[in-house]
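Subject: Structure handover

Hello,

Here is the structure for your use, with the sequence alongside. My notes on what turned up in it follow below.

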Amino acid sequence: MLPATSPAAPAPTPSVPGLSAVPAPRPEPSLRWLVGLLLVAALLPRLGVFFLNENLYGDAVVRTELAERWLHAPHVITSYKDGTYQFGPLHLYLVGAVLSVFDREVAGRLVSLVFGVLSVVPLFALTRRLFGWRAGVAAGLAFSAWGMHLQFSTTAGSEAVSLFFMLAVFALVAEGVEENRFQPLFWAGMLLNLACALRYDAWMYIPLITVALVFSSEDRVASLTRAVGFGLACLPFPLLWMQGNELAHGDPFFPMKAVDDFHRQWVVDSGGAGGALVWRLQQLGFWPAVALFTLTPGVALLGAVGMVKAWKQHPETRWLVAMAVVPSLYFTFRAAVMLSFVPLARFTVTQLVLLPVFLAPGFAAVVANRGAFARRAVVGVSAVLAVVMPVALGLYTFRTEGGLHDSLRPVSPTSTNPVAVMQVARFLKDEVAAKGGAAAVDDDPRYMDLQLAFFSGLPEMRLARVRWDTFRQRLQDANPDVLVRFDEGTLLKDPGVRLEGRTLTLDGVAYLEQDGFSAPLHVYRRRP
C-alpha cells in the first residue's frame, strides 16, 4: 500500500551547472521511521485508556458472548440465525479466536486495539499518495488524537476493525487508479469482502467505488474494465451470505431488513415518528456536529475546506470526497426526511476518518497569502484543540453519571459502566460465580442487564435472565441463590412474582433484599 514514490518524493539533483545554486527539495524521511512514529503516536493514547475503559457501547458485550458461543462450537456461519444475528460473522471469528487465549473482558478489546492502531498505516499511505508525506503525517497525528476512535479501539465493538479494512480499501484503490494497475484494485475488492463480513454499512461501498472507477480515467475502456473487475472481486462474500440467508429465511436481504425494521421502530420510540421539526433538524446536522465535536473544530474545518479545494483543483481525488459525502447524505436523508434511521456517532466513522486526509490542502487554502504568524496560529490552535478536547471530555465522562455525562459518553475516549451496575457485577463475580452459584437477573430498558450478566463472570447455564425465553428453564436447572431486580425491569410484571416490602417471591421461592446496593438495582438472596 505504501508506494515507492509520492508527490513529495525528492527531485533528481540538477546536472546543469547553471542550476547548481538552486537548493534541492528536502528529501522525504525514512518511510519506516515515519510509519513507526505514527504507530507509536496511535498506540500510546490508546494504551492510556485501554486499562480504564470497559465494554459498554457498540453491542460489545453481546458480540463477545456470541463469539464465546461460536468458540464452544466452531463452524462456518452462513446466515443471520446461525449465531451472528445482526452482526457480521468475521468479527465473531476474530474475537472467538482471541477468546481462546484471553479473558472475555479483554479479548474483544485487544482485537479492536490491534486494528485500531494499525489503521494509521493505510491512512498515512492514502494521504501520502495524494498530497505528500507531510500531509500523511498530519493526517496520522490527527487520527491518533481522535477521541471517539480511542473508545472504539479499546472496546469490543466492530468499528475499529471495520475502519482498518475500509482505509486499506481506499489506499489500494488510490494506488490502482494512480498507477493504472488492476492488481491493487483486485486486493481492494478482496479486502472489501472482509469489511462487508464485519459491518453492513460497508456494503454500500461496492457500488460507490465501482461507479467511481467508471469515471476514474479519460480512457473509458480502461475505466470500465477496472470497474467491472473490481465489482466482481467484491462479490464472493455478499453472494454467499445472501445465499445463506435465502436458504435460512427465504430472503437474501433478511439481516438488512431486520436492521431497517429495528431503526424504524427506534424512530417511533425516540419520538421522531410524527416528523417533528426539531427531530428533523437534529438529524440534518448530525454528521457535521459529530465531525466538529469528535475530530475537534480545527481538524474538521480544515478537512472540510480541503475537500472543497481538492474537488475543484484535484479532480483525481473527487472519488475519495464522494466516499465521505455520498454516504453522509444518504443516511441524513433517511434520518431527516424518510424517518427510517436513527444515526449514532459510531455510524459516522468511515466518513469522518477521511477528513484528516484533506488537512493539508485545507490548511493551504486557509493560510494562503498569510504570514508565518497566521500559519503558526492555525496549526497551534488546531493542535491544542485536537489534544485538549478529547482529554477534557474523557475526564468529564469518566465514572460520572447522569445528564450531559451520559449523552457525551458514546463519543468520549473513556467508556465506563454505571457504578451501581459494576458494584453488583463484582458482587456476583466474587460471591456467586467464584463459589459455583447461580443468579437470576431482571431485564432493563437501557440494556444494563446485559452489562451486568457479562461482567458477573457467570457462565450462561448458571444465569436465569428475564430477557431470554429460557428464563423459566434456567430457573429450574440452575436454582439460583441470588436474584437481581431493576427498578424499571419487567420481572415484577411476571404473574409468578410478588414483592412485599423487602421480600420478593418468585414461583413460591422467597428472596430477601440485601443492604449495600444502590438503585436502580436491588439484590436479593434466597431465604434459608
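Which residues line the largest cavity? In this predicted model, they are Glu-159, Ser-162, Arg-199, Asp-201, Arg-346, Val-349 and Thr-350. Two helices, α9 (159-179) and α19 (349-352), each contribute at least two residues to that lining. Sorted by class, the lining has four charged, two polar and one nonpolar residues. The space inside comes to about 40 Å³, and the structure holds one cavity of 30 Å³ or more.

The second largest pocket has a volume of about 540 Å³. Its lining is made up of 20 residues, and those nearest its centre are Ala-138, Leu-141, Leu-359, Val-379 and Ser-382. Two or more lining residues come from each of α7 (133-144), α17 (297-313), α20 (359-366) and α21 (372-397). The biggest share is from α7, which gives seven residues. The class count for this pocket's lining is 17 nonpolar, two polar and one charged.

Next, the helix packing. Helix α4 (residues 89-99) has these buried residues: Pro-89, Leu-90, His-91, Leu-92, Val-95, Gly-96 and Leu-99. They pack against α2 (60-72), α3 (80-84), α5 (104-118), α9, α10 and α13.

Helices α10 (residues 183-196) and α13 (residues 236-249) also meet each other: their axes come within 8 Å and cross at roughly 35°. On the α10 side the contact involves Met-190, Asn-193 and Cys-196, and on the α13 side Pro-236, Phe-237 and Pro-238. By class, this contact has five nonpolar residues, one polar residue and no charged residues.

The sheet is the next item. It is open and has seven strands, in the order β2-β1-β3-β7-β6-β5-β4, with mixed pairing. The edge positions belong to β2 (463-465) and β4 (497-500); each has a single partner strand, so one side of each lacks a neighbour in the sheet. From one strand to the next, the twist averages 25°. The partner of β4 in the antiparallel pairing with four bridges is β5 (residues 503-506). Within that pairing, Leu-499 has Leu-504 in β5 as its bridge partner.

Is Leu-284 buried or exposed? Leu-284 is in helix α15 (residues 277-284) and counts as exposed because its relative accessible area is 52%, where the cut-off for exposed is over 50%. Apart from neighbours within four places in sequence, Leu-284 is in contact with Thr-332 and Ala-336. Between Leu-284 and Leu-213 there are 71 residues of separation in sequence and 29 Å in space, taken C-alpha to C-alpha.

Regards

Technical notes. Residues are numbered from 1 along each chain as its sequence is written. This is a predicted model: local features need pLDDT of at least 70, side-chain atom pairs count only at pLDDT 80 or more; totals for chains, interfaces and linings use all residues. Side-chain values use heavy atoms; hydrogens and water are left out. Axes are lines fitted to C-alpha atoms, for helices over the stretch in contact, and angles run from 0 to 180 degrees between N-to-C directions. Contact means heavy atoms within 4.5 Å. Ala, Val, Leu, Ile, Met, Phe, Trp, Tyr, Cys and Pro count as nonpolar, Asp, Glu, Lys and Arg as charged, and the others, Gly among them, as polar. On a 1 Å grid over the protein atoms alone, a cavity is a set of points where a 1.4 Å probe fits but cannot get out, and a pocket is an open set with protein on both sides within 12 Å along at least five of seven lines; lining residues have an atom within 4 Å of a point. Grid points are joined across faces, edges and corners, and a volume is the space filled by probe spheres set on the points. Buried means under 20% relative accessible area, exposed over 50%, partly exposed in between (1.4 Å probe, protein chains only). Two strands pair if DSSP finds at least two bridges between them.
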